[in-house]
Amino acid sequence: MRILVSNHIDPSIRERGDMRAWTQRLFWFARPGDLLVLCCEPDDAFLDYVLAHTGVQRSELTVLAAPAGRGTTGSSTRPHSSPLPS
């Protein structure tokens with residue numbers, strides 16, 4: 001298992017509001033069994049698109065999404081930690 005952490009601290013990126021466009025690019029590098037740590041919940045449509053190309057199944061990944069806070073919009077208010085639903 002690898003632990004992949006995706007975040008950006010550059011102020012110009014934070015000002016864009018929805019961090020998913022930057023941080024969920026990490027899914028392109030994910031392999032079965034990986035743990036991905038994101039600043040917000042991933043977009044389902046984007047996730048389906050990426051996984052269709054990489055051949056990785058949602059059930060093979062574990063995602064930990066931080067609760068909403070400064071610089072995050074469009075994310076849930078509670079952490080998400082589980083294998084992704086199919």
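Which side chain meets that of aspartate 44 in a salt bridge? It is the side chain of arginine 58, with 3.5 Å from N to O. The model is a predicted one, in which local features need pLDDT of at least 70, side-chain atom pairs count only at pLDDT 80 or more, and totals for chains, interfaces and linings use all residues. Residues are numbered from 1 along each chain as its sequence is written, and side-chain values use heavy atoms, with hydrogens and water left out. Here is a friendly tour, starting with the fold and ending with two residues and their contacts.

**Overall fold**

- The protein has three helices and four strands, where helices (H or I, at least four residues) and strands (E, at least two) are DSSP runs numbered from the N terminus.
- Along the sequence, these elements follow the pattern β-α-α-β-α-β-β.
- Of the 86 residues, 35% are buried; buried means under 20% relative accessible area, exposed over 50%, and partly exposed in between (1.4 Å probe, protein chains only).
- Among the contacts with a separation of 6 or more, 52% are between residues 24 or more positions apart; contact means heavy atoms within 4.5 Å.

**Confidence**

- The average pLDDT of the protein is 76, and 59% of the residues score at least 70; pLDDT is the predictor's confidence in each residue, from 0 to 100.
- Helix H3 has the highest confidence, at a mean of 94, whereas strand S4 (residues 80-83) has the lowest, at 48.
- Residues 74-82 have a pLDDT below 50, and this stretch has 23 contacts in the model beyond near neighbours in sequence.

**Strands S2 and S3**

- Strand S2 (residues 35-38) and S3 run parallel and are joined by four bridges; two strands pair if DSSP finds at least two bridges between them.
- Valine 37 is the residue that stands opposite leucine 64 in S3.
- Between S2 and S3 the chain passes through helix H3 (residues 44-54), and this β-α-β crossover is right-handed. The term right-handed applies if, with the strands pointing away from the viewer, the path from the first strand over the helix to the second runs clockwise.

**Salt bridges**

- Side chains of opposite charge can pair when their charged atoms come close.
- A salt bridge is a side-chain nitrogen of Lys or Arg within 4 Å of a carboxyl oxygen of Asp or Glu, and by this rule the count comes to three.
- One of them brings together the side chains of arginine 2 and aspartate 34, at 2.7 Å from N to O. Arginine 2 lies in the segment before strand S1 (3-5) and aspartate 34 in the loop between helix H2 (20-23) and S2, so this pair ties together parts that are 32 residues apart in sequence.
- Aspartate 34 counts as buried, at 2% relative accessibility, while arginine 2 is partly exposed, at 26%.
- In the aspartate 44 and arginine 58 pair, aspartate 44 is in helix H3 and arginine 58 in the loop between H3 and S3, 14 residues apart.
- Aspartate 44 is partly exposed, with a relative accessible area of 47%, while arginine 58 is buried, at 12%.
- Arginine 58 also meets the side chain of aspartate 48 in a salt bridge, at 2.4 Å from N to O. Since arginine 58 lies in the loop between H3 and S3 and aspartate 48 in helix H3, the pair ties together parts that are ten residues apart in sequence.
- Aspartate 48 is partly exposed, with a relative accessible area of 42%.
- Shared partners join Asp44, Asp48 and Arg58 into one network of salt bridges.

**Methionine 1 and valine 5**

- Methionine 1 lies in the segment before S1 and counts as exposed, at 75% relative accessibility.
- Leaving aside neighbours within four places in sequence, methionine 1 is in contact with Gly33, Asp34 and Leu35.
- The C-alpha atoms of methionine 1 and proline 32 are separated by 8.0 Å, though the two residues are 31 residues apart along the chain.
- Valine 5 lies in strand S1 and counts as exposed, at 53% relative accessibility.
- Not counting residues up to four places away in sequence, valine 5 touches Leu26 and Val37.
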